[in-house]
Amino acid sequence: MKRMFLMGRSEAGKTSLTQALKGEKLHYHKTQYTYAGGETIDTPGEYSESKQVGVGLACFSFEADVVAIVCAADEPFSLFEPNCNCFLNRPLIGIITKIDSPYANLPMVTRWLQNSNCERIFYVNNVTGEGIDELKAYLADEPERISLEEAKERQHLGLPDWQPRSGEEQNAGL
């Protein structure tokens with residue numbers, strides 16, 4: 001199973017998402033510190049909201065197989081700039097929570113995550129469980145483990161570590 005690193009603003013639904021993924025009863029719990037137990041790494045929203053500690057998010061991402069930006073469907077603005085995946089060496093996905101909110105603006109939040117270069121976007125409702133199974137299926141796949149030499153070779157080709165080389169590149173001996 002892929003280990004997922006969650007980042008997003010306060011009250012976006014990161015901790016509730018971890019509870020929903022585990023099948024636990026949802027209960028409010030303010031995340032005071034980075035919690036790295038189990039298959040998710042949950043971070044306080046203040047880390048994403050503050051430049052002083054935001055750089056720490058990049059450090060924690062090295063402990064994960066996939067990085068997820070979590071945005072609530074009713075958020076008034078995005079904390080994440082376009083192309084913000086450039087500092088990552090992991091796949092970046094987007095997770096939109098609170099999709100049933102009367103103030104949800106799914107097209108706008110989807111566009112924010114697309115602009116951030118999320119490879120895939122999941123729409124979830126932590127309370128009803130809608131979309132949770134699709135996210136679990138994505139996370140169930142084991143990440144490909146590669147050697148340092150293979151990672152260097154992929155870097156030389158301009159490929160991310162997790163993107164397999166095409167057959168043409170392999171046949172050319174690149």
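Buried means under 20% relative accessible area and exposed over 50%, with partly exposed in between (1.4 Å probe, protein chains only). The model is predicted, and local features need pLDDT of at least 70, side-chain atom pairs count only at pLDDT 80 or more, and totals for chains, interfaces and linings use all residues. Residues are numbered from 1 along each chain as its sequence is written, and side-chain values use heavy atoms, with hydrogens and water left out.

**View 1. Thr18 in helix α1.** Thr18 is placed in helix α1; helices (H or I, at least four residues) and strands (E, at least two) are DSSP runs, numbered from the N terminus. With a relative accessible area of 7%, Thr18 is buried. Contact means heavy atoms within 4.5 Å. Apart from neighbours within four places in sequence, Thr18 is in contact with Leu6, Thr40 and Asp42. Helix α1 is largely enclosed by the rest of the structure, because 7 of its 9 residues are buried. These buried residues are Lys14, Thr15, Leu17, Thr18, Gln19, Ala20 and Leu21. Gly23 follows α1 and has a positive phi, near 75°.

**View 2. The packing of α1 against α5.** Helix α1 (residues 14-22) packs on helix α5 (residues 132-140) at an angle of about 80°, and their axes are 10 Å apart. Axes are lines fitted to C-alpha atoms, for helices over the stretch in contact, and angles run from 0 to 180 degrees between N-to-C directions. The two helices α1 and α5 are therefore roughly perpendicular to each other; angles under 35 degrees count as roughly parallel, over 145 as roughly antiparallel, 65 to 115 as roughly perpendicular and the rest as oblique. On the α1 side the contact is made by Leu17, Ala20 and Leu21, and on the α5 side by Ile132, Leu135, Lys136 and Leu139. The residues of this contact divide into 6 nonpolar, no polar and 1 charged. Here Ala, Val, Leu, Ile, Met, Phe, Trp, Tyr, Cys and Pro count as nonpolar, Asp, Glu, Lys and Arg as charged, and the others, Gly among them, as polar.

**View 3. The five-stranded sheet.** The open sheet of 5 strands has the order β2-β1-β3-β4-β5, with parallel pairing; two strands pair if DSSP finds at least two bridges between them. Strands β2 (40-42) and β5 (120-123) stand at the edges with a single partner strand each, so one side of each is left without a neighbour in the sheet. From one strand to the next, the twist averages 25°. Strands β1 and β3 run parallel and are joined by 4 bridges, and Phe5 has Val67 in β3 as its bridge partner. Between β3 and β4, also parallel, there are 6 bridges. Ala68 is partnered by Ile93 in β4.

**View 4. Strand β4 and its surroundings.** Strands β4 and β5 pair in the parallel sense over 4 bridges, and the bridge partner of Ile96 in β5 is Tyr123. Helix α4 lies across β3, β4 and β5 and runs at about 165° to β4.

**View 5. The nonpolar cores.** A nonpolar core is a set of buried Ala, Val, Leu, Ile, Met, Phe, Trp, Tyr and Cys residues joined through side-chain atoms within 4.5 Å. The largest one has 19 residues, of which Met7, Ile69, Leu92, Ile96 and Leu113 touch the most other members. At least two residues of this core come from each of β1 (4-7), β3 (66-72), β4 (92-97) and α4 (106-115). A second, separate core has 17 residues, including Leu17, Ile95, Val124 and Leu139.

**View 6. Ser61 in helix α3.** Ser61 lies in helix α3 (residues 51-61). Its relative accessibility is 1%, so Ser61 counts as buried. Not counting residues up to four places away in sequence, Ser61 touches Phe5, Val67, Leu88 and Arg90. The C-alpha atoms of Ser61 and Leu6 are separated by 8.8 Å, although these residues are 55 residues apart along the chain.
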